[in-house]
Amino acid sequence: MIENFLITFFIAFIVIYALIKLKGIVRLNDIPNERSLHTKTIPRSGGLGIFVSLLIFFVYMNFFDGKNVYLLFSIFMVFLLGFYDDIFSANPKFKLLVIFIASLVLSLDGVYLTSLGEYLGFNLTLGFFAIPFTAFAIIGFTNALNLIDGLDGLAGGVSLIILLAFAHIGNEFDDIVILTLSTGLLGALSAFLFFNWNPAKIFMGDSGSLTIGFILAVLALLSSHYIHPVAILYFLAVPVIDTLIVMIRRIKYQGSPFKADNTHIHHILNDFFGSAKQTTFFLMMSQAIFCFLGYVVARHIESYPLGLFPVAMIISFVILTIMAYMLFTTILKNKGELKK
C-alpha cells in the first residue's frame with residue numbers, strides 16, 4: 001500500500017514538474033476569464049501528468065492482466081474526453097454521451113450497482129435498471145467533481161480525502177483492484193497537490209477532474225460489494241451536495257443546469273473566508289467528517305434492527321442538503337446575485 005503511493009508520487013512529481021517547465025511546448029494553458037479566480041496564465045496539463053503517472057504505475061503493477069481490460073479502457077476514454085475538452089472545449093451533451101458510453105464499457109467488467117441496499121427489511125434491488133442507474137450515477141459524480149474544480153487544491157484535496165476512505169476499504173477487505181486504484185491515484189494526486197496548492201503552478205484541467213471523478217465513481221461501485229451504498233454516499237458527500245444544490249438553483253433561476261456560474265459552495269465560502277487556502281481546507285475537513293460518518297455507517301449498520309440506521313442516514317443527508325441549499329441561496333439573494 002505504501003509502496004504503491006511512493007511509486008506514483010515520485011513518477012507524478014517528475015512528470016508534472018516537467019510539464020510545468022514545458023508549458024510553452026505543451027500549450028495546455030488556462031487563460032483567465034470573468035469566472036476565473038486567478039489572474040495569470042497557468043498550465044492546465046496536471047491531468048495529463050496524473051494519467052501518465054498512473055499508466056506507468058499500472059504497467060509496473062502488471063494491472064493489464066486481462067482481468068481489468070474494460071475498466072482501464074473506460075478510464076482511458078474519459079481521460080481522452082477531458083484532454084479533448086481542455087483543447088477544444090467539448091459540448092456538454094457530448095461529454096455526457098462519452099461518459100455514458102464509458103460506463104457501459106465499464107459494466108462489461110461487471111462493475112455496476114445491483115442494489116441500493118436494505119431499508120426497513122427490504123432490499124432495493126435494481127434488476128433491469130442496474131446498468132442504466134449505474135451510468136446515471138457515474139455521469140453525475142464524474143461531473144460533480146469537475147464542477148468543484150474551481151479553487152487551487154480544492155478538487156485534488158477533496159479527492160485525496162475520499163481516496164483515503166476507499167483505500168481503507170480496499171485494505172480492510174483485501175480487494176487488490178480497489179487498493180491499486182486508490183493508492184496509485186493517492187500518490188499521483190499528492191504530487192500534483194504539491195504544485196497545485198495555492199498559489200497554483202499548474203491546474204488539473206478537465207483531463208484531470210473528469211478522470212479522477214470517474215475513478216472515484218468506479219471505486220464507489222467496487223466498494224458497494226462490501227459496504228452499504230448509504231456509506232458510499234457519505235464518502236462522496238461534498239461534491240454530491242454542491243452539485244445537487246447548484247443544479248437545482250440553476251434550473252430554478254437560469255432554466256438550464258449546464259449554464260456555468262459563480263454560485264458553487266466554494267465561491268460563496270471563498271468570499272466569506274477571503275482565502276482560497278482556508279476555503280479549501282474547510283471543505284477538505286468537511287469531507288473528512290462525512291467520510292468518518294460513512295465509516296460509522298459501514299461498521300454499525302448491521303447493529304440496528306429493521307434497517308432503521310440507513311433510513312435515518314438518508315433522511316439526515318437529505319435534510320443537510322436542503323439546509324445547505326437554503327443557506328447558500330439566501331446568501332446569494334442578499335448579495336443580489338440571483339434573479340429569475
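These legends walk through a few close-up views of a predicted model. Residues are numbered from 1 along each chain as its sequence is written, and side-chain values use heavy atoms, with hydrogens and water left out. Because the model is predicted, local features need pLDDT of at least 70 and side-chain atom pairs count only at pLDDT 80 or more, while totals for chains, interfaces and linings use all residues.

**View A. Isoleucine 50 in the largest nonpolar core.** Ile50, Leu71, Leu181 and Leu216 touch the most other members among the 104 residues of this core (buried Ala, Val, Leu, Ile, Met, Phe, Trp, Tyr and Cys residues joined through side-chain atoms within 4.5 Å; buried means under 20% relative accessible area, with a 1.4 Å probe and protein chains only). Beyond its neighbours within four places in sequence, isoleucine 50 is in contact (heavy atoms within 4.5 Å) with Ile16, Leu185, Ala188, Leu189, Phe192 and Ile212.

**View B. Where helix H6 meets helix H11.** H6 (residues 130-147) and H11 (residues 237-253) pack at about 90°, with axes 9 Å apart. The two helices are therefore roughly perpendicular (65 to 115 degrees). Phe141, Ala144, Leu145 and Leu147 of H6 make the contact with Pro239, Val240, Thr243, Met247 and Arg250 of H11.

**View C. Helix H11 under cover.** Look along H11 and you will find 12 of its 17 residues buried, including Asp242, Arg249 and Arg250. Its cover includes H6, H7, H10, H12, H13 and H14. Just after H11, glycine 255 takes a positive phi of about 90°.

**View D. The buried residues of helix H13 (residues 276-300).** Among them are Leu283, Met284, Phe290 and Cys291. The buried residues pack against H7, H10, H11, H12 and H14.

Key
Buried means under 20% relative accessible area, exposed over 50%, partly exposed in between (1.4 Å probe, protein chains only). Axes are lines fitted to C-alpha atoms, for helices over the stretch in contact, and angles run from 0 to 180 degrees between N-to-C directions. Helices (H or I, at least four residues) and strands (E, at least two) are DSSP runs, numbered from the N terminus. Angles under 35 degrees count as roughly parallel, over 145 as roughly antiparallel, 65 to 115 as roughly perpendicular and the rest as oblique.
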